[in-house]
Amino acid sequence: MTKNLSRIAKQKKIKYFLISFVDLFGVLRSKLVPAQSIKEMQKNGAGFAGFATWLDMTPADSDMFAIPDPDSLIQLPWKKEIGWLASDLWMNGKPVDASPRVMLKNQIKELAKNNLVLKSGVECEYFLINKDGNSIADANDIQSKPCYDQSALMRQYDLIKEICDSMISLGWNPYQNDHEDANGQFEMNWDYTDSLETADRHVFFKFMVKSIAEKHGIRATFMPKPFENLTGNGCHAHVSLWENDKNVFLDKGNKLGLAKKAYNFIGGIINSAEALTALFNPTINSYRRIDAPTTTSGATWSPSKISYSGNNRTHMIRVPEPGRFELRLMDGSVNPYLLQAGIIAAGKDGMERKSDPGEPLNINMYTESDNYPNLKKLPSDLETALKYLSENKVMNESFGPSNIKSYIKLRQKELKEFNSDNSFSKKNPITDWEKDNTLDC
Ligand SMILES: [Mg+2]
């Protein structure tokens, strides 16, 4: 039975609901609705003008309605009187196919036809910075190899604890927090689960980290590369595929512990990797992280070429242990729903076509990849990635050509704006435009 939000509001003392959705650029948009009106909103949704967001609509289009998913309800741990809800967009009585949560749900339905469920966990790296965005928040965090630095981690204890306590109270089962490889950079890990729930949590996690950082007088950013000389913000995903209680990626007798289906799935991702970068590395700034010059810590930890390996972090895909793989392509600006949807679309195609990813490579990609000239390179800028996306049959067929076209059109518009005053070069400093438009991604 559908949960009755009006009744839940009374039980949990919720005074307001944030009826939220994420647009194509990953921007979280909401209406704040008093509990007394939630009954009507649960049925018919909250109205929005689509053109005012990053969706390919016109000012003349009729209202779209965000219909909240009651299963996604999260009481803000730092303000319990507010309940957050993820929503699906509807227009003229139909779901909006070009909205990210609907795109993901459609991919989940495709997998369900074969009784399969994608489970994943995401690793959202972020920086704690000063409010102006020009420097990291902790002036003492200056080690050249700052990864796992206990002192720098503990100087942020109050903030990290508040976020981790929040995840515990929400039942996400967080299990570790650390200082990452860049000065001022952190990562917090919680349990993996079904892809839709992980995507909703991913959206909420970013909102929560930013909100709690603000409460502590600083700022959090998931921008892919906020500082040229430091490691960027990745957003790796660990992926497995399930049929009921069985992980169909697992084959303990295999060298890497993966079943044939998993190799085919990886093959699908490798085949569509260039096109996926347009979704997984969606901002102009994203391409400072991919194939970046070496950072002060000694490694970028981001991929530059399309390859897979066993437990080796220099590759785009790593198999850390039997039964799952880690895709290391995505960065902090990725749209949480398109992350999961893109993985499913490419992987499903790989399984259908029985794609062979070839033998895993076990080399240091940062120093030895030049010896493998046949390896394909990842696109070096957004424009190139968009071109791959527009030509990619799998993405066009999975999401519908008009939806892919919409995404590309909006991104090209953004590129045009950027190019009117700037030109993108990894060798030049990060532009004000990138900071203004990506720090709050
Ligand atoms: Mg990490």
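Modeller: Let's start with Glu40, which sits in helix 2, residues 38-44. Keep in mind that this is a predicted model.

Biologist: Is Glu40 buried or exposed?

Modeller: Exposed. Glu40 has 12 other C-beta atoms within 10 Å, and the cut-off for exposed is 12 or fewer.

Biologist: And what separates the C-alpha atoms of Glu40 and Tyr126?

Modeller: 37 Å. Along the chain, the two residues are 86 residues apart.

Biologist: Switching topic. Which domains does the assignment give?

Modeller: Domain 1 covers 12-96, and domain 2 covers 107-365 + 418-438. Their centres, taken over C-alpha atoms, are separated by 26 Å.

Biologist: How many residues does each domain put into the contact?

Modeller: Domain 1 gives nine residues and domain 2 gives 14. On the domain 1 side, seven are nonpolar and two are polar.

Biologist: What about the largest nonpolar core? Which residues touch the most other members?

Modeller: Ile266, Ile269, Leu327 and Ile343, out of 116 residues in that core. Helix 9, residues 336-352, gives the most to this core, with nine residues. Both domain 1 and domain 2 supply at least three residues each.

Biologist: Take Leu327. What does Leu327 touch?

Modeller: Leaving out residues up to four places away in sequence, Leu327 touches His236, Ala237, Val239, Ile269, Ile317 and Ile343. Ile269 and Ile343 are also in that list of residues touching the most other core members.

Biologist: Now backbone angles. What is phi for Tyr148?

Modeller: Near 65°, a positive value in a residue other than glycine. Tyr148 lies in the loop between strand 9 (126-129) and helix 4 (150-155).

Biologist: Why does Tyr148 count as exposed?

Modeller: Because Tyr148 has 11 C-beta neighbours inside 10 Å.

Biologist: And Trp301, what about its phi?

Modeller: Positive, about 60°, and Trp301 is not a glycine either.

Biologist: Where is Trp301 found?

Modeller: In the loop between helix 8 (273-280) and strand 16 (308-309).

Biologist: Buried or exposed, that Trp301?

Modeller: Buried. Trp301 has 22 other C-beta atoms within 10 Å, and buried takes 20 or more.

Biologist: Thanks, that covers my list.

Terms used:
Residues are numbered from 1 along each chain as its sequence is written. This is a predicted model: local features need pLDDT of at least 70, side-chain atom pairs count only at pLDDT 80 or more; totals for chains, interfaces and linings use all residues. A nonpolar core is a set of buried Ala, Val, Leu, Ile, Met, Phe, Trp, Tyr and Cys residues joined through C-beta atoms within 7 Å. Helices (H or I, at least four residues) and strands (E, at least two) are DSSP runs, numbered from the N terminus. Domain bounds come from an automatic or database domain assignment. Two residues are in contact if their C-beta atoms, placed from the backbone, lie within 7 Å. Ala, Val, Leu, Ile, Met, Phe, Trp, Tyr, Cys and Pro count as nonpolar, Asp, Glu, Lys and Arg as charged, and the others, Gly among them, as polar.
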